[in-house]
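Let's take a friendly walk through this model, from strands to rings to loops. Keep the viewer open and follow along.

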Amino acid sequence: MTRKALEARFNIERLNADVPVVQAKAPTKVNIPLSEADGAQRRAAEARKQILQMVEQLVMRGMAYDKAVCGLTAKVKVLLGQDVLTPDEEQLLKLVRTAKDKGTGISRRAIYNWRKAFKESGFAGLIPGKRKQDALNASRYEWAPGFLKFYADPRKPTVALALDQYRASLNDPAQAPSYDQVKRYLTKLKKADPIAAYKGREGVLALKARKVYVSRSVEGLEPTDIYTGDGKTFDAFVAHPFSGNPIRPEITSILDVVTRKCVGYSIGLNEKAYDVAEALRNASMANGVAAIFYVDNGKGYKNLLLDEAAVGMLSRLGTHKEHSIAYNSQARGIIERFNGSVYTRLAKTLPSYAGRDLDREAALKLHKKIKSDLKETGGSDDLVSWNQFLKIFDGALQYYNDRPHSGLAEMRDPVTGRKRHMSPNECWATFEANGFRAVTLARDDADDLSRPAVRRKVSRGLVKIEKNRYFALELERYDRREVMVCYDMLDAHQVWVRELDYVDGVETPGALICTAKFEGNSQAYFPKPVIESAREKKAKTAAKRLEDRLRRVEQEQRPGHLLEHSGEQPMEVFASAPGFEEGADDELVSIAPELSRDAQNVVHMAEPIEVQEPRPQPITKSGRPVFKSKEELAVWVLDNPEKMTDLYKKILSDCLTNRTYLDLFEAIGIDAESLRTLLRAAA
């Protein structure tokens, strides 16, 4: 009895004890700072804290601490052996698994250790230690360098292919690692050094996208301090302004770095120096002259038209040019993002979108339809006209400049009262409200400063640009001297000639000498009316020759294709030799016209000649005329559009896609554009 009483008393004291009995020589734990803990360690510490709180709740209900701990561990042990659990029981097991860095159950000793660590170090004491990572040392992965020679290839071979190639290169293939070993190694390598894992498989630009970057600040800068520009091939087809054929224009845009505003642009067939100069000229006139022009290393930005010390546009504007590092388009992310968010967005609203991400089947269908439409009518409804393209393009730029930009500071919307980012126009207006004034160019200054210019040597009052010659009497005293010739890319009738001066040893543009006219020293051989009359006569003769030639080709290769076939037509038979009318076939003879020997048909010179009435145009049984040429058909269809047939439509569609017929129509006064519109309406 005494023994049992002592054991019971000992158990009661053990249950009521605050600190459990632990080993005297417990291993010391090195606490991990909270700032160095990763996500898994933080979740484990939070789970341990919740388990300690659950024990404290049981103690507050009157249960001894050790009894609460033993009851919790026993309950977890029972739940691990059950298949059906309630939601609360599932949550408890999930909490225990998260709190333990290894194993599934939970022990009394672990809870007491957590309690002690929490009392000593707070929440940081509950953070579990990190497991020792498997080091990528050379002794363990001796085969790695040899394998990477086959895996680090821009053709991007699979792991299996690279492993097979590596195995084939070994004297003893048995020394090669297994597929799973290689996969585990690559997984660890990608975590430890992503650049090394992809080096060789990706180029410089792709690897740069994986590296860290430095974000540039515009603090302390003002509008027009830095302009950046770039060219973008439009991702949709539009109709050429002259030929109507599908083209993808090249757009050169200029952006202000501080406000993100599009300050100027030009549209051409490709990114030439002329397009860049025109865009920069428009930006300087509309919004101000830039202090720095930040661009890439393309040919459109590295040329004498911009860079020449004396006649270059940038030197005359006083703008300094900076080039970005090669293969570093990220440095000009502002303009790159603009091209995608504005021009790609606009192109996707057009039916002729032909971007890189367009479905292949849809792209083939689009090209086929445009080609078919051009062949039939000379135009296509899927192609936006040039004037319409310019209109929607200007609208897209206005929308961009008025739309909030995430790269700009926030403001409170005056209408809604909510905070939002500024738009480029609002950011520009904020600077102006604080006293900023851009250095803009007046019209006269723009014509003088921003025109493209070249050096030329004067020869007998003449200067040459390309094949054009310009003359002025004022140039006679500058014979055999170099001058600066400014020209307008859209107007070749005249050029502006300036002197070249030296200031402190630097060659600079001088005073305006004159305005030289195109072929200003040429004199007409004959008075202008004589030339115009001869030119008109020549055009009519050429048109007649074209008409005769087309008629002969048509009769030889496609006889009768203009006739409308409405059944069999009787054919007249003419006598081809004397005695033909005496043939046996009376029916044929009756069809042939009889030759009258009546003297009344003989015309005597003394008698007046009777004027015959014009023969009416022959018609078919359906009442439609028979045309001698396609131009006659075109004139008749324009006068009678309601009588258009599929045959006429096909014939005239072929004419409108043939340059020879278009020239003929223009020479004889047929409106090809009205005819094309008529054919579209009848389609």
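How many of the seven residues of strand β5 (residues 262-268) are buried?

## A covered strand and its hairpin

This is a predicted model, and in it strand β5 is mostly covered, with five of its seven residues buried. The partner to look for is strand β4 (residues 250-256), which runs antiparallel to β5 and is joined to it by six bridges. If you want a place to start in the viewer, pick I251, which stands opposite I267 in β5.

Together β4 and β5 form a hairpin with five residues between them. In that turn, R260 has a positive phi of about 65°. As background, most residues other than glycine have a negative phi. Two further residues with a positive phi come up under the loops below.

## Aromatic pairs

The model holds 17 aromatic pairs. Take F147 and Y151: their ring centres are 5.5 Å apart and their planes meet at 20°, so this pair is stacked, the angle being under 30 degrees. Both residues belong to helix α6 (residues 144-151), where they sit four residues apart, about one turn of the helix. F147 is buried, and Y151 is buried as well.

Now compare the geometry of F338 and Y400. Their ring centres lie 4.8 Å apart with planes at 75°, so the pair is edge-to-face. F338 comes from helix α14 (residues 333-347) and Y400 from helix α16 (residues 386-402), so the pair ties together parts that are 62 residues apart in sequence. F338 has 2% relative accessibility and counts as buried; Y400, at 4%, counts as buried too. Both residues also belong to a cluster linked by ring pairs, made up of F234, Y265, F338, Y343, W386, F389, F393 and Y400.

## Charges over rings

Which residue lies over the face of Y65? It is R115, at 3.9 Å from the ring centre.

The buried residues in α4 are L92, L93, L95, V96 and A99. Looking down the axis of α4, you will find its buried residues within an arc of 155°, so they line one face of the helix. What covers these buried residues includes α2 (39-60), α3 (65-80) and α5 (108-121). On the face of α4 turned away from its buried side are the exposed residues P87 and K94.

## Loops worth a look

The loop between α5 and α6 holds E142, which counts as exposed at 63% relative accessibility. E142 and A176 are 34 residues apart in sequence, and their C-alpha atoms are 10.0 Å apart in space.

G200 sits in the loop between α9 (194-198) and α10 (204-208) and is partly exposed, with a relative accessible area of 29%. Which residues does G200 touch, leaving out those up to four places away in sequence? They are A152, D153 and P154. G200 and R155 are 45 residues apart in sequence, yet 9.3 Å apart in space, C-alpha to C-alpha.

K156 is not a glycine, but its phi is positive, at about 55°. The residue is found in the loop between α6 and α7 (159-169), and K156 is partly exposed, with a relative accessible area of 45%.

R460 likewise has a positive phi of about 55° without being a glycine. Its loop runs between β10 (453-457) and β11 (462-465). Is R460 buried or exposed? At 73% relative accessibility, R460 counts as exposed.

Notes:
Residues are numbered from 1 along each chain as its sequence is written. This is a predicted model: local features need pLDDT of at least 70, side-chain atom pairs count only at pLDDT 80 or more; totals for chains, interfaces and linings use all residues. Side-chain values use heavy atoms; hydrogens and water are left out. Rings of Phe, Tyr and Trp (its six-membered ring) pair if their centres lie within 6.5 Å; planes under 30 degrees apart count as stacked, over 60 as edge-to-face and the rest as tilted. Helices (H or I, at least four residues) and strands (E, at least two) are DSSP runs, numbered from the N terminus. Buried means under 20% relative accessible area, exposed over 50%, partly exposed in between (1.4 Å probe, protein chains only). A charge sits over a ring if NZ of Lys or CZ of Arg is within 6 Å of the ring centre and within 35 degrees of the ring normal. The arc is that of the directions from the helix axis to the C-beta atoms. Contact means heavy atoms within 4.5 Å. Two strands pair if DSSP finds at least two bridges between them.
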